[in-house]
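Subject: Structure handover

Hello,

Here is the structure I promised to pass on. Please open it before reading my notes.

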Amino acid sequence: MSSISSTRLKLLKEQLFHGFFVKKEWWGDDLTILNTPEVEKKSISMRKALAFEKVCLEMPLEIKPHELIVGLATMSSVGFGHTFPKYETDEEAKYFAQFSLDRKSVWGHHMPYYKKLLEVGYSGILAEIEQKLKTEADPEVIDFLTSAAHTLKAAAALSKRYEALIKESAQSEQDDLRRTELLELSRICAKVPNEPAESFHEALQSVWFVHMLLHSTLSYTPLGRIDQYLWPYYEKDFNEGRLTRQEAKDLIGSFLIKFNERTQFRSEHMENHMSEGDWSQGGDPNEPTTTFDMENDADYNFGQSANHWLQSATVGGLKPDGTDATNELSYLFIETLNELELVSPMISARLSDLTPKEYKSFVGGELCEGGAQPVLFNDEVIIKGLTQRLNIPKEDAFDYASDGCWEVLIYGRTEYSYGHIEVMPCMEALFNKGCSFVTGRKIGVDPGDTLNSLNTFDEFYEAYFEQVRYRIDNAVKNKMKYYDKVHQIAPEPYLSALVDDCIENGRDLTNRGARYRIYSLFATGLSHCIDSLSAIKKLVYDEKRLTLLEVAAIIKDNWKDNEALRQYCLNKTPKYGNDDKEADAILVRFMNDFCDRADYWNSSIDWLTITAGVATFENYPRFGRQAWASFDGRFAHEAFSSNYSPAVGRDQEGPTAVVLSSTKVDLSRLNSGCPIDLRISFNKNSKDECKDILSAFIESFRSLGGNIMTITKVDIETLKKAQENPEQYMSLRVRLGGLTVYFVQLAKAQQDEYMRRTEHNF
Amino acid sequence: MKNNEETVLGTVLDIERFSVHDGRGIRTVVFLKGCPLKCGWCANPESQQLKPQIGFFRDKCAACMKCAEICPNGRLFKEQGKLDFLNCTGCMKCVDACYYGARIQYGRQMSAAEVVKIVKRDKVFYDNSGGGVTLSGGEMSMQPGFALNILKGCKSEGIHTAVETCGYSNWEQFSKILEYVDMLLYDIKHMDSSIHKAKTGVLNALILENAIKAAPLVKEMIIRYPVIPGFNDSLDNALALARFMKAKLKGVKRVDLLPYHSMGLSKCERIGKPYPFTLPYELSTEKVQQLYELLKAEGLDVTIGG
């Protein structure tokens, strides 16, 4: 356990961790607003606003002892769904079900523009809406603006409910100090978010109210550049002597704790509220990118996304004017988060050539302590990609942030979604007449008898990539065809009021209102694809040991009676992640082709930006489970490696080789990101030495052109002990690919999977 | 001349990237094969013999007997892929034949240019961390021309060079090598020559003499003191070392205590060799701490583990 800098933070932490073992009540799934025929006649957007209002007026309130930031979000979870009053009619529900959509088809990921919210408050945004309504004639625009205005007023009413509750509890408070605190809190709740924030405390409370409400109304939103938009308030209070560093830390700690209150450590405490439409973007139900199967098998899934809400915050990096943005808050957020050993929000640190050395060393030092926070972003590569490849103006590109897990987007100005292009099933399709070996369903192009006649590796590769291209094309076409369906059942008037430029455009963000609309194509299962191609090249084309038809038969039989050959593929063929020329040449070729196809679509569509990345997020076991055997030596259903990381245990040349392999691709083309996830341990005696080595390693990753990296310092012995004595390792945090989790809260299968990862000894 | 440098081959045991334990910063350690000493506790017994040899990982063997099929002298294999190491000619055919990775070739022929090319790959990491290359072994000076060429090549690429040595080498050759060394990691195992001879096979006179001559020639020199229970862990020996350093090794301040570990044991098994060292007693952390304190009190910079 880390040492904690104040009594308040210590008490808040104890209170929080105690709550992890208490069953949380879910609220609101049985409610409806469809009580009168009049309501049913209203537009879907207005009905959503009315349901939103119902939540604001009825959701349970709570004030906890010691806390300086108040507001309780209703229960929800990426893995186990969320709740919201019914506002769609049965006919609508039936109609949209054919596109896998329902009222819970809210994608999250989009960040509110908190900078503006803090500067003008709801009241400023309402004034803007009213101004626009004066001259507006388009009924669709009027409908959107009226709904958005309705949600802002309802949201303001929620803060008033808190104001009243706190006042009441102040009256019965015996402790003078706490009573003063409560009275101050009630004053703040009376003011924000409706009015502009004027102090650091007001700003934090304002952000939390908005965040909490979004998360109580289906929208899993991240926080964006938190050290930037909060800075003016901190700076002013600090410079004018109203706030000490420790007082700021108490406020930040109280704020950060709130993001973890929905955490549940015990699977028996979880309720499943997933609907058919959860994680759907709308589309053909047979198209794999339409929905996202969370597989809520408790043993399997629990812990994976159970305590995940896409709550991510970004610090550091460059300002919109291109100068260094690092400030005291860039330190304080990471420092306080790690002091309290929290998993949420996940903090991403942007590092650039202008980032002070001191800050880079601080970040290295924090990662040396374990806990896997922060995630590292390389400004040079990411901004280059955003400006040069996506033509995003510099001042916006400089303002990028990590969204729910780590995807790169322009904070406060982007509507975002993605599709997984599962590249391993693409290989199944080639070997199995266009069908999956697992389901038998058609997932690709039937190659006919061509397997017989692919005489060179180039011919084979092209035939394989045709399958990948088919998946990419289908994903994009599906997205385009059904893009506007979401808006007809799950609009987001409240969030739209907080995202630029929805009001100016008079359109909901689900209705193309935001300044940027991005759809990412994520290569999924990449390392296994590269290693399989490499093994096929060696065995079929270089050594001519086997024919492709034999390879197909071996894969089909899941390596049955072929253990020696499987070992050969595992041990004797070039693998990605070893700085190996041959394997990396295949990687570069594949990634360039993948990005070319994304670029092709990006240049063909004018209203939607198409980007590329490499991703599994935390779902690498699930993606693996749904894929058949592969020629890299992987058995059917075995987990993939996470994101852009080499296959587990196949990276045997150390971490420098991993970085060198992965940066042979021009990663500025992977605009949405491609994280390398490393697990490391230390043998060095001195902490300073560890910090220096790790900081130098991170800096090398940056100068070689890496884009995102996550680092978890934990050795296998600690993991084993944590598995045996979980109560002693309650706060042990590890990074799973898309999120940071408490290790002991994972199901055993997930823990075992994590423990297989290569440990790089620093 | 240049041609010669490129064509002279040496025997490399292993090239280990991202090493942070043999010199400063992030380093690549090049282990050369062959050693003039025969220390029983050696942590890398597979490095002692100059010529390539086979290592066998029993736990990976599936007893498919492909090794026996391919071996020109198939009788050498009896059960579970186990090789009669004594009569092995080192043709390495069984290594290629083993799909399970249970057979490893210790030692491959490489040119210095090939080695430098691999070392160069991690240059960015050296530059950011103050690291570089470390030439180790075995004993690198067993292949003096090859070692010299590797170091020259690295220096011309602007790479910081370190050398780990037992010091038992011909001074003429050794001094040439030192011209290209930034940091010298120098083993001194025992101050008493006859005990030294009994346990390592050689007297320590040449080693101490070379140390004295080398000290003024390199920018940085660190003495490495492998602490072996029952051999050199006495306070007397530590004191003698400290006095020697202070009297004879001008400017050399640092000594690294490297506590004994039994890694050599399983490695010996892999190369079919009995482990010649019997541990008389476990090395306690208190003991290491005592040595640390003593050396520290003598005014030296001491680390445990390097």
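**Confidence**

This is a predicted model. The predictor gives the complex an ipTM of 0.93 and a pTM of 0.95. For chain B, the average pLDDT is 93. In that chain, 95% of the residues score at least 70. One reminder: where pLDDT is low, the coordinates should not be read in detail.

**Chain B**

Chain B has 306 residues, and 43% of them count as buried. Its secondary structure comprises twelve helices and eleven strands. Along the principal axes, the C-alpha atoms fill a box of roughly 60 × 50 × 35 Å. Does the radius of gyration of chain B agree or disagree with that of a compact globule? It agrees, because a compact globule with 306 residues would have a radius near 19 Å, and chain B has 20 Å. Now the contacts in chain B between residues at least 6 apart in sequence. Of these, 74% join residues at least 24 apart.

**Chain B against chain A**

The contact involves 18 residues of chain B and 25 residues of chain A. On the chain B side, two elements give two or more residues each: β1 (9–19) and α5 (123–129) of chain B. α5(B) gives the most, with four residues. By class, this side of chain B has nine nonpolar, six polar and three charged residues.

**Domains of chain A**

The contact between them takes 38 residues from domain 1 of chain A and 22 residues from domain 2 of chain A.

Which helices of chain A each supply at least two residues to the domain 1 side? They are α3 (44–58), α4 (90–97), α5 (114–135), α6 (139–171) and α8 (200–216) of chain A. α6(A) gives the most, with eight residues. The domain 1 side divides into 21 nonpolar, eight polar and nine charged residues.

**Nonpolar core**

The largest nonpolar core has 301 residues. Those with the most contacts inside it are A:Phe333, B:Val30 and B:Ile150. A:Phe333 is worth a look. Leaving aside neighbours within four places in sequence, A:Phe333 is in contact with A:Ile226, A:Asp227, A:Ile252, A:Ala313, A:Val315 and A:Ile347.

Best wishes

Definitions and conventions. Residues are numbered from 1 along each chain as its sequence is written. Chains are lettered from A and ligands numbered from 1 in the order in which they are written. This is a predicted model: local features need pLDDT of at least 70, side-chain atom pairs count only at pLDDT 80 or more; totals for chains, interfaces and linings use all residues. pLDDT is the predictor's confidence in each residue, from 0 to 100. Two residues are in contact if their C-beta atoms, placed from the backbone, lie within 7 Å. Ala, Val, Leu, Ile, Met, Phe, Trp, Tyr, Cys and Pro count as nonpolar, Asp, Glu, Lys and Arg as charged, and the others, Gly among them, as polar. A nonpolar core is a set of buried Ala, Val, Leu, Ile, Met, Phe, Trp, Tyr and Cys residues joined through C-beta atoms within 7 Å. A residue is buried if 20 or more other C-beta atoms lie within 10 Å of its own, exposed if 12 or fewer, and partly exposed in between; C-beta atoms are placed from the backbone. The radius of gyration is taken over C-alpha atoms; the globule rule is 2.2 Å times the number of residues to the power 0.38.
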